[in-house]
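Me: I would like to learn how to read a protein structure, one feature after another. Could you take me through the one that follows?

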Amino acid sequence: MKADRLMATLLFLQSRGRVTVREVAAELEVSERTARRDLESLTVAGVPVYSQRGRGGGWSLVGGARTDLTGFTQREIGALFLAAGPLSASPELRTALRKLVQAVPAPMRRHAEAAAKALVVDGLDWSRAAVRAGGGPHHHALEQAVLDRVRITLGYADAEPAPAAASVPARAPASAPESPPAPGPEPSPDASTVREWTVDPLGLVWKAGCWYLVAATEEGLRSFRHTRVTSVVDTGEPARRPEGFDLAAAWQSLAADVERRLRTTTVRAVADPSALPVLHELLGERLRTGRELSDGRRHFEADGPSLDLLAAQLAGFGARVEVLGPPEARARMARLGHELTAAHAGSGRPEAHVPPSESHFPLGTYYPEDASVVHGTARKPARPSRRHPRQRLSPTNSLDEGAVS
């Protein structure tokens, strides 16, 4: 691509000071005619390149001029602007993009500007509810603390009183990252649940729609969800960074502890085939299916952090899921059934009959597969697929800190 060759030619000029057409052709593996044409194109584009004939002549940059852009190809520039474009609400990022556009050579500038406008981020879900940002009001301050490598004091709110976090078996104890937040706004932190931590920021992690700060504390390595940070104060002291610290490896260790805590108990059950797609969506790899029965139902095992949580999740399937064991899980399901009956049996409303062929899953919100709009007119709403439904889990289906012990 010509734009990439022009950039390579410019960088070659910068590194060598003065070059001949033959040297450019050999470096870029093109013909001398192509190399000469590229050098002339740089001049036409406004790059201060001039040629000198005779012995010791060649092509060079006027006054040793240099470009601030080093080595980007057109595809790399496009990828950068495509990623940064929808995030340009940040004043710093808007300024950086404007500077970068000016630094891009003229042949690449149009491509960069087009890439910055090629992606739209819609902040509403399909029910037109605002999707909560995963960074929180102190996200920028936490970013700066990581970049500046300064020690900070955090105000941090626990979701609710929870057992002491298990430590990761490593050289330093590690507190696991909190589980994914439930949809909707987080409750306002009570002053009694806010604790102050003095930490050495080590890095940032984006996980399942939320940002986390990984930091060293007096109790060892741990993570802090940005949306639970209530205050950030710069202590003025430099952060202490462990020698050879690897953020990716540290996060894997922290996340592995959460995964272990999500598998502390197991239930055995059978499920109607119509429930299996949602069970897979809900439990992921914590669901293991087994043999099929003569009536079409299938055995499965499900892991979870507690019997109470698993029972609450499976109860939403009604008769489509029957828990077989352990006995305490069956007892919990029966208790939930009695509670639901007591709460709803006296409503006086006739029970709605749902034909088996038209059954709907009891959990979550389902979206049409095709949400396209043609010339301002919405297409006919598509019926949810029974084979591969898409689900937004309700708060009762999301893990909270108290459920993970």
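**Reading the model step by step**

Reply: We can begin with the surface: the protein exposes about 24,200 Å², and carbon and sulfur atoms supply 53% of that area, where accessible areas come from the Shrake-Rupley method with a 1.4 Å probe and, for residues, only the protein chains shown count as cover. This is a predicted model, in which local features need pLDDT of at least 70 and side-chain atom pairs count only at pLDDT 80 or more, while totals for chains, interfaces and linings use all residues. Residues are numbered from 1 along each chain as its sequence is written, and side-chain values use heavy atoms, with hydrogens and water left out.

Me: How many helices and strands does the protein have, and what percentage of its residues count as buried?

Reply: Helices (H or I, at least four residues) and strands (E, at least two) are DSSP runs, numbered from the N terminus. By that reading the protein has 11 helices and 17 strands. A residue is called buried under 20% relative accessible area, exposed over 50% and partly exposed in between, with a 1.4 Å probe and protein chains only; of the 405 residues here, 36% count as buried.

Me: In which order do the strands of the open sheet with three strands stand?

Reply: Two strands pair if DSSP finds at least two bridges between them. In this sheet the order is 1-3-2, and the pairing is antiparallel. Strand 1 (18-19) and strand 2 (49-52) stand at the edges with a single partner strand each, so one side of each is left without a neighbour in the sheet. Strand 1 is joined to strand 3 (residues 58-61) by two bridges, and R18 stands opposite S60 in strand 3.

Me: At what angle do helix 2 and helix 3 pack?

Reply: Axes are lines fitted to C-alpha atoms, for helices over the stretch in contact, and angles run from 0 to 180 degrees between N-to-C directions. Helix 2 (residues 21-28) and helix 3 (residues 32-44) pack at about 105°, with their axes 8 Å apart. That makes helix 2 roughly perpendicular to helix 3, given that angles under 35 degrees count as roughly parallel, over 145 as roughly antiparallel, 65 to 115 as roughly perpendicular and the rest as oblique. With contact meaning heavy atoms within 4.5 Å, V21, R22, V24 and A25 of helix 2 meet E32, A35, R36 and L39 of helix 3. In the loop between these two helices is E29, which has a positive phi of about 60° although it is not a glycine; at 73% relative accessibility, E29 counts as exposed.

Me: Which residues of helix 9 are buried, and why do they line one face of the helix?

Reply: An α-helix has 3.6 residues a turn, so residues three or four places apart point the same way. In helix 9 (residues 276-283), the buried residues are L276, V278, L279, L282 and L283. Seen down the helix axis, they fall within an arc of 160°, so they line one face of helix 9; the arc is that of the directions from the helix axis to the C-beta atoms. After helix 9 comes G284, whose phi is positive, near 60°.

Me: In which order do the strands of the open sheet with four strands stand, and which helix packs on it, touching strand 10, strand 12 and strand 13?

Reply: The order is 11-12-10-13, with antiparallel pairing. Strand 11 (287-292) and strand 13 stand at the edges, each with a single partner strand, so one side of each is left without a neighbour in the sheet. The twist averages 30° from one strand to the next. Helix 10 (residues 307-315) packs on this sheet, touching strand 10, strand 12 and strand 13, and its direction makes about 20° with that of strand 10. Strand 10 (residues 265-271) and strand 12 (residues 298-304) pair over seven bridges in the antiparallel sense, with A271 opposite R298 in strand 12. Helix 11 lies across strand 10 and strand 13, running at about 145° to strand 13.

Me: Where is P326 placed, and which kind of peptide bond joins it to G325?

Reply: P326 is in the loop between strand 13 (321-325) and helix 11 (327-344), and a cis peptide bond, with omega about 0°, joins G325 and P326. Leaving aside neighbours within four places in sequence, P326 is in contact with T266, V267, R268 and L307.
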